[in-house]
Amino acid sequence: MPINLVNAGSPILPTTSQENNQPQPVPRDIRNVETKPTSNAVAETTQMAASVPHEVTPETYVGYMNNRSTKAPTPMTFRGIKFSPYAKHDPCLYQGPLHFKNDNFIDLELYCFNISNDTSIKFHQCFFGTDKGKLNWRKVDLKNTNWEGSTIDGSYNGSRSEIKSCYFSEVNMSQCKLKNFIIFDSDTRSIYGAKFIDSVMTNMAFEGFRNYRDVNYYNIEDTSFRNMQADKLIWDVVRCVKDVDLSNAKIKYFSPLGGTEFTGAKFGIYEKGRITINPAMFDDVRKVDPYLDGVNNMEVGALFLHTLDSIPDKAVKQDFAEQMIEMIKNEPVLSAIYPSSITLRQSIINHLAHSDYDSSAEIQKFISQELLKEGNDILIPARLRPFMYYSVLHSLDDNALLRRQFLVNQLIAEYPALKERFYQITPIREFIEYIEEEKTLINGHDISHEGSLYHIFYNPDDRKTALCLPAAEFKKLVEENQVPQNFSLLQYQVDKKNSVIEKPDTVESQSRVLSAFPALHSLWSCADGLFTPVIHSLFEHNHTLDAEQNSRAFKIKNQMISMLKHKSYQTMELDITKDASVLSEILSPFYIDGASAADARWQLVELMQRELSPKITQFSEREQKTIAFMCLIKTLSDVFYTRYSSISNKPPYAPRQLAQKLVEDLKAFSPEAISEEEAALWSSLLMPESRNELPSSDKLSRRMASYSFPGEHGKEMNKVMQLYYPLS
């Protein structure tokens, strides 16, 4: 059914596809115009009969068409013809048949017209191109029009045209060459009954709409792309609803973006490699995370993996997944990110554990290699757990088991023999004996009822410290994404009578143990928020607060954590005297003069580095600490900027003082990371020398957001900041 353009609502379009702000006219039907030709049009027609023009223009179109042979018309070039309510020269004054063959149309404008009432409208083997601007086709119903064999090229000055809100249902574009334009329909967002059989598409895109809140798929159904050949084709937020025929379609560099779904697609007898995925989908760290990392994107999921899940044909699904694996191995950006991101590896393995991939030798080999990699700790998908025990862990020696503690701890509840063996390895045995014989409390909670199952994570490189989690806490962390509340830090002392002692639970000591277990660290950080341990540490260094101050400090800390975890966006008004005093008491150990303050700041930087470590292992130690410095400075500037927490619209002193000290530390630690002039500017924005000048943490935050790291890896470091900094 043709769309009702009169009652069409205001379309919701992405930034790249906004309509011009023109009044919406009542659409006109170029095949159903009752207006009779004026005397000027008759005179124009008479004049046309005298000669055949080199080109047909808006002024000569009606006269030329009235005199054109309908049986064997001479091919002609039509330039600047405008089927638009705003056209100065109205082409609708010609009411004969619209049959074109081998004609050229340059800068043809189609705006707000229904041209579908006459089923005989034909553009056979015609050419449509640009000269003075991009194609301007908007709000046109193309239903039942026939464009067989024609070429439409929207290229203008090296960029693509956009065909907006045109209705392509039941259009026939078989054997067409379609180049360099985007089809975006904000009115109906659907195509049905269309034919693109034997067509050739180059640098083309079909676009739906997706943002953080809304998803509007471009729905395609009962449409044929059989035998299509395409290069650099994009389907962005497209849904194949039903009977979308892609039989024998050959596509090079295909980009199914935005969670495109193939549920209703038919691929015929598929040959491997017939459709190749465009590596450009994963050529930037900001693309890799939303498209492949389902662990970091729990609500939306990994968009490309969602696309794979939607494919009904196993041969196609396996081929696309195998291409993804090749990119993981060989594409520069993806191959660099993959080994350093535990959540990305976890997401990929979770997806590939599906039974649809069981018959792919290449995929099964990849899974086995990933699981066998030492230190590649991941959550074991349910289908792979028996394989992990019987084929991998069962045959390892004690030292190899210790190097795979995270995998072992996932299986000891299911496989008692593995548990008994693990519990006999030194010093795991000593930790278990201490827990069972001398300790019934963990953080003040009675664990005597927990049974005999405990999860020990022992880091021999960090003062022989271990993290002990009761079974219930480990289960909640793994299955419910809940941060453990009851746990203990134990230390193993070689050659001492009391070989195990309990250590105080601080954020720093907890972080040190977790850093040895990337998957456990990632789970903890994901549940607790990447920057949360740093905020906790800021509030741990002062023990002189009274009860009222402690209560207020607790609220300020929780507000900061809520903002960093995107659970709160409301401003918290800070009291100009009481809260300023509380913050000074809390943060002064980090900025008062002396070695202890410098040491406290350095510990803060190291903690920030450890929290980021699963995501920045591709950088050197120096570069990692530079990133940590920047994150800390930016956090202090952002959190206490007036849109979050304010004291009479003035950022509080203590966070600014600490941020300034960190700027000085950064300059001293890594002079190449920031120039003297830039460091001086940052310091002046935080702590102005003039009393008449207000501090401007917000200006510093904005300046840092656009700051570019120098050096060989500066560009990649900027991307990491953009991707993982929570308030960007």
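Predicted model: local features only at pLDDT ≥ 70, side-chain atom pairs only at ≥ 80, totals over all residues.
Two packed helices are described by the angle between their axes and the distance between the axes. Helix α7 spans residues 342–352, and its axis comes within 11 Å of that of α8, with a crossing angle of roughly 135 degrees. Angles over 145 degrees count as roughly antiparallel and those from 65 to 115 as roughly perpendicular, so α7 is oblique to α8. The crossing of this pair is left-handed.

Helix α8 (residues 361–372) also packs with helix α5 (residues 314–330), the axes coming within 9 Å and crossing at roughly 45 degrees. This angle makes α5 oblique to α8, and the crossing is left-handed. On the α5 side the contact involves Q318, A321, E322, I325, E326, I328 and K329, while α8 contributes E362, I363 and F366. Five residues of the α5 contact with α8 are nonpolar, one is polar and four are charged.

Elsewhere, the second largest pocket has a volume of about 450 Å³. Its lining comprises 18 residues, of which E109, G133, K134, L135 and N136 are the closest to the centre. Strands β10 (136–141) and β12 (161–164) each supply at least two residues of this lining. The lining divides into ten charged, five polar and three nonpolar residues.

How values were computed:
Residues numbered from 1 in each chain as written. Heavy atoms only, no water. 1 Å grid on protein atoms, 1.4 Å probe; cavity = no way out; pocket = protein on both sides within 12 Å on 5 of 7 lines; lining within 4 Å. Points joined across faces, edges and corners; volume = space filled by probe spheres on them. Helix = DSSP H or I, 4+ residues; strand = E, 2+ residues; numbered from the N terminus. Nonpolar A, V, L, I, M, F, W, Y, C, P; charged D, E, K, R; others polar. Axes fitted to C-alpha atoms, helices over the stretch in contact; angles between N-to-C directions. Parallel < 35°, antiparallel > 145°, perpendicular 65-115°, else oblique. Left-handed = near helix turned anticlockwise from the far one by under 90°. Contact = heavy atoms within 4.5 Å.
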